[in-house]
Amino acid sequence: MAIRVFLISLLFLSTTITTFSLYEDQVGLMDWHQQYIGKVKDAVFHTQKTGRKRVVVSTEENVIASLDLRHGEIFWRHVLGSNDAIDRIDIALGKYVITLSSEGSILRAWNLPDGQMVWESFLKGPNHSKSLLLVPTSLKVDKDNVIIVFGKGGLHAVSSIHGEILWQKDFAAESFEVQHVIQPLGSDIIYVVGFVGSSQFNVYQMNAKNGELLKHESAALSGGFSGEVSLVSSNTLVMLDSTGSTLITVNFHNGEINFQKTDISDLIKESLGMATILPSKLAGMFALKTTTFMIFIRVTDEGKLEVVDKINHVTAVSDALSFSEGQQAFALVEHYNNDIYLTVKLGQEWNSDLLKESIKLDDQRGLVHKVFINNYIRTDRSHGFRALIVMEDHSLLLLQQGEIVWCREDGLASVIDATTSELPVEKEGVSVAKVEENLFEWLKGHILKIKGTLMLASPEEVVNIQAMRLKSSEKSKMTRDHNGFRKLLIVLTKSGKVFALHTGDGRIVWSLLLNSLRKSETCENPTGLNLYQWRVPHHHAMDENPSVLVVGRCRSNSDAPGVLSFVDTYTGKELGSSSLVHSVVQVILLPFTDSNEQRLHLLIDAKQRAHLYPKNPEAVGIFQREFSNIYWYSVEADDGIIKGHVLKDNCIGEVSDEYCFETKEIWSIVFPLESEKIITTVTRKLNEVVHTQAKVIADQDVMYKYISKNLLFVVTVAPKATGGIGSATPEESWLVAYLIDSVTGRILHRMTHHGSHGPVHAVFSENWVVYHYFNLRAHRYEMSVIEIFDQSRADNKDVWKLVLGKHNLTSPISSYSRLEVITKSQSYFFTHSVKAIAVTSTAKGITSKQLLIGTVGDQVLALDKRFLDPRRSINPTQAEKEEGMIPLTDSLPIIPQSYVTHSLKVEGLRGIVTVPAKLESTALVFVYGVDLFFTRLAPSRTYDSLTEDFSYALLLMTIVALVVAIFVTWILSEKKELRDKWR
Amino acid sequence: MDKGKAVMGSGRRWAVDFTDNSTAPSSREFPDPPGFSRASQDQDESTVTKQKKDAEANWKAQKAWEVAQAPFKNLLMMGFMMWMAGSTVHLFSIGITFSALWQPISALQGVGKVFEPYKDGKIDLLGPKLLFIALNLGGLALGVWKLNTLGLLPTHASDWVSSLPPAQEVEYSGGGIPLH
């Protein structure tokens with residue numbers, strides 16, 4: 001009865017629609033937000049004249065940002081869309097940042113100081129080509145500085161003041177592939193050089209003022225070319241021929257094209273292996289890179305090549321920078337053990353180093369990938385250099401005077417997968433926490449807090465209180481807490497680096513660049529795929545540290561060999577790694593653990609064999625016991641087939657061992673390719689906890705949820721409608737939602753939405769699935785919910801049988817048993833388009849759920865599941881109202897206060913991860929994209945704990961004051977009584 | 001109750017002494033006061049006591065019935081209060097309901113005590129007792145009914161299965177779109 005009273009009172013409380021807004025001073029108490037930019041592709045420093053110390057960078061996450069050179073902070077930042085990759089950036093007129101994006105079709109100018117967009121112009125052209133951007137300093141057309149852009153197969157001259165296209169010239173007709181656009185300093189002529197095919201070399205000479213074609217010459221190149229074409233001077237190009245063994249120097253001065261061939265073996269005696277020309281622009285020189293060393297070759301005025309130097313361990317070379325009258329310098333970075341050597345050399349004189357510094361780096365950053373240099377004038381009027389380096393782990397560092405000025409962990413902008421790990425239990429010697437503040441400090445803090453509560457605090461004290469709340473040591477401790485709020489977020493990034501972030505304040509606890517995910521000879525292009533919780537110590541094996549499994553593969557195609565890596569989440573050390581002989585296309589977590597609490601994983605390879613991990617006999621024993629009950633299914637989206645498989649017996653053949661199992665197909669669902677195409681599949685989260693199988697509806701009636709972990713939700717759309725909104729008319733687009741039992745292949749439910757369109761985002765939890773799509777007829781986005789109930793249990797309604805326990809509700813169920821399900825569904829309009837949907841999960845699954853919707857504005861909206869209840873009706877009965885049912889409306893409300901991210905944006909939002917805290921009412925939410933955001937959510941309010949700002953000291957003081965008051969009044973009354981008696 | 005005791009008189013020790021004296025006139029040394037005739041008194045003694053005792057028994061029986069009927073008023077009042085309280089769960093209705101449950105229970109516990117003053121060999125207390133118990137049970141039933149209307153009784157299937165964990169599954173399946 002107590003439970004019932006509690007539930008009813010809970011229900012009563014929850015009937016009032018709660019908002020989850022924050023007060024201003026609560027921002028940052030339990031949430032944190034970090035801004036990143038991603039791996040830097042290109043960097044442009046402000047010229048000395050503009051005076052401000054900033055650098056503008058473009059990144060692989062399509063971010064353009066202006067960074068402060070002193071601290072590395074972001075001044076301004078723009079995240080362009082995911083299909084709007086930035087090709088080139090430059091600075092024009094000293095006040096505009098020019099970006100060329102979307103394969104040379106969009107040119108934008110941003111105001112340098114504040115990042116406002118000044119103009120934008122679209123360059124049209126028939127075909128794709130290399131995109132080039134040239135901002136000449138002295139070229140003027142009618143007092144207007146011109147920007148020369150090659151993009152979409154044409155050359156465009158764009159006004160730098162208002163972005164108008166002044167003239168354009170198409171090269172599309174001749175299947176011409178551009179290599180360079182050259183504007184010799186001080187002249188009005190533009191040279192466009194490139195190839196037709198791989199052997200015909202073309203030079204176009206154009207008038208920069210009006211785009212008139214002055215001259216066109218072409219010459220056949222006998223050997224062809226390969227790789228990069230390096231521009232050595234304004235009329236000399238160097239390239240490798242198609243065999244890679246001969247260097248070709250091309251001189252096209254004054255309309256004459258001269259080829260000169262030089263065998264590499266003539267220059268260098270040793271064999272080189274595969275050599276490539278570096279794309280760096282060095283004055284009068286180019287760099288040839290081989291696997292072991294780098295050769296710098298100078299091109300003399302007569303076109304002769306001479307080797308200047310041969311340096312080992314060089315990993316990156318910057319472009320040449322002209323820093324004073326005619327002098328040009330460039331930087332090169334060498335690796336030597338853990339140190340890196342930064343050398344700045346003068347272009348003309350090789351032997352004089354302008355700068356040579358050695359810098360110690362921590363060993364988790366890998367190799368230097370890129371270097372950009374900038375000069376400044378020291379107080380003694382000599383030239384100093386600073387270098388911006390991009391590391392293998394995508395971090396960005398500024399080096400100046402032999403020191404790291406700052407460092408940005410921009411690898412975190414490209415999170416692939418995230419999971420959590422518990423922190424160590426608090427006991428002697430385990431805690432890594434700082435020394436706790438002493439009692440006096442504690443008391444002082446609380447007195448301040450009380451002052452704040454009683455509105456006695458002065459403005460400075462209010463600021464102090466806020467600062468204290470924000471960085472209370474309680475939330476950033478390195479031990480487990482009662483409520484389970486403190487955890488480690490383990491994230492895998494694109495660079496192959498694993499980070500552990502503290503949920504309290506978002507700081508990096510440890511980071512590890514996985515060696516198995518770095519380039520090597522056996523594994524040339526490794527990518528990380530996913531993270532799994534390998535070991536979560538529970539009952540036994542409490543002394544073991546938890547660990548995660550990182551699954552990767554060597555190449556991007558699915559039959560490439562896989563790599564596994566095991567990482568201890570307490571220490572951040574790699575426990576072991578293995579490069580597999582088989583590929584990994586699927587990782588299946590089994591619900592069993594061995595005696596070491598290592599979870600059993602089944603890795604499916606491209607030949608549909610299952611490999612069991614961990615590889616120990618005990619695991620095989622456990623696995624063999626459940627052998628006949630383990631199934632797996634594969635979704636082949638391109639062929640429109642879903643297949644179910646069962647395990648057969650041990651593998652035979654070259655990779656046979658006792659951990660490998662053959663599988664056989666037992667069922668398949670074939671969708672007709674001409675009418676349906678699979679676009680989304682969703683299953684329930686494996687670790688989701690469901691509190692009850694019964695759903696109590698109005699009038700104390702009960703419905704039994706169909707709760708199965710083996711349900712698969714599949715959405716198919718008409719093939720015409722896959723091309724995006726507008727590609728199909730409502731009549732020829734439809735969307736079909738299926739609920740499929742993945743053990744038997746039985747289709748439990750099928751529903752067609754006519755006139756609807758992808759993309760579909762869906763989330764599956766308990767017995768319901770919610771999905772989001774576009775309705776073409778209504779021209780609006782829609783969200784639908786399907787709830788599935790088990791009708792075969794519905795007759796369990798005899799109270800006496802239930803009291804006596806004579807029911808079959810707890811007996812194990814099989815997918816092969818008689819099945820009788822009913823589904824209820826409903827659709828609603830929804831205003832936003834959606835980037836991701838997730839659902840809150842709590843420790844016991846009692847708390848009501850909220851949908852977390854990553855909106856197109858890169859925010860996260862929390863929407864009560866009660867709004868997506870298929871039993872909603874326009875006029876709910878009294879009993880239904882009491883149950884807390886909301887009357888049906890045609891669209892889902894968006895309450896501004898229920899934005900989880902409040903005023904912040906998680907730019908480039910890609911995923912939402914929810915993890916239960918130990919406290920039943922609370923779920924932890926981690927949102928990742930280019931930015932990271934973390935917060936705590938309580939979908940039904942924190943009914944099981946006091947709020948964060950509850951003043952214990954005030955409570956204590958009130959109690960003390962009351963006790964004192966009781967004693968005083970008691971003494972007073974005693975005295976009075978005595979006086980009365982004496983009277 | 002005091003009244004009843006005074007009528008009985010038997011509980012007082014000193015009264016016994018007086019009676020003894022009056023029933024043995026021979027032992028008196030002093031004469032009766034003038035105008036007092038002891039004979040008439042002695043003569044009526046037996047009939048008077050009988051009458052008196054009959055009246056007392058009647059009176060007791062009447063009182064016992066009255067006491068037995070007392071919960072009825074209570075019942076009416078309780079009913080009114082319950083009607084006032086409504087059928088939603090809040091502090092007031094819960095308080096009323098629990099007092100409505102508690103009163104009959106405590107009254108039933110003290111049935112013997114309530115009827116003790118009227119205990120007499122001659123009169124039959126069974127009737128009033130039964131009525132009293134029946135009325136109190138009625139009150140209790142009213143309380144339980146109220147509890148039920150508030151939805152606080154586990155009389156529905158939903159009350160027994162609402163926290164039943166989901167059944168285990170025999171099979172296990174995993175997979176999906178190939179990792180990319």
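Taken over C-alpha atoms, the centres of domain 1 of chain A and domain 2 of chain A are separated by 41 Å. The model is predicted, and its chain A is divided into domain 1 (37-220), domain 2 (419-426 + 479-582), domain 3 (427-475), domain 4 (585-670) and domain 5 (953-983).

**Nonpolar cores and surface**

- The largest nonpolar core has 37 residues, of which A:V57, A:L388, A:F926 and A:L932 touch the most other members, and this core draws at least three residues from each of domain 1 and domain 2 of chain A.
- Leaving aside residues up to four places away in sequence, A:V57 touches several residues, including A:I37, A:V40, A:I89 and A:L388.
- Another core, of 22 residues, lies apart from the largest one and has A:L321, A:V344, A:L346 and A:V371 among them.
- On the surface, A:L955, A:I959, A:V963, A:F967, A:W970 and A:I971 form a nonpolar patch with about 580 Å² of accessible area together; A:L955 lies in helix α8 (residues 952-982) of chain A and is partly exposed, at a relative accessible area of 42%.

**Salt bridges**

- Over all chains, the structure holds 37 salt bridges, and A:D362, A:R365, A:D393, A:E409 and A:K497 are linked in a network of them.
- A:E61 pairs with A:R910 in a salt bridge whose closest N and O atoms are 3.6 Å apart, linking parts of the chain 849 residues apart; A:E61 is buried, whereas A:R910 is partly exposed.
- A:R108, buried at a relative accessible area of 9%, forms salt bridges with A:D84 (3.1 Å) and with A:E120 (2.7 Å, N to O).

Conventions: Residues numbered from 1 in each chain as written. Chains lettered and ligands numbered in written order. Predicted model: local features only at pLDDT ≥ 70, side-chain atom pairs only at ≥ 80, totals over all residues. Heavy atoms only, no water. Core = buried A, V, L, I, M, F, W, Y, C linked by side-chain atoms within 4.5 Å. Buried < 20%, exposed > 50% of the residue type's maximum accessible area, 1.4 Å probe, protein only. Domains from an automatic or database assignment. Contact = heavy atoms within 4.5 Å. Patch = residues over 30% accessible without salt bridge, like charges linked within 9 Å, V, L, I, M, F, W, Y side chains within 5 Å. Areas by Shrake-Rupley, 256 points an atom, 1.4 Å probe, with all protein chains shown as cover. Salt bridge = Lys/Arg side-chain N within 4 Å of Asp/Glu carboxyl O. Helix = DSSP H or I, 4+ residues; strand = E, 2+ residues; numbered from the N terminus.
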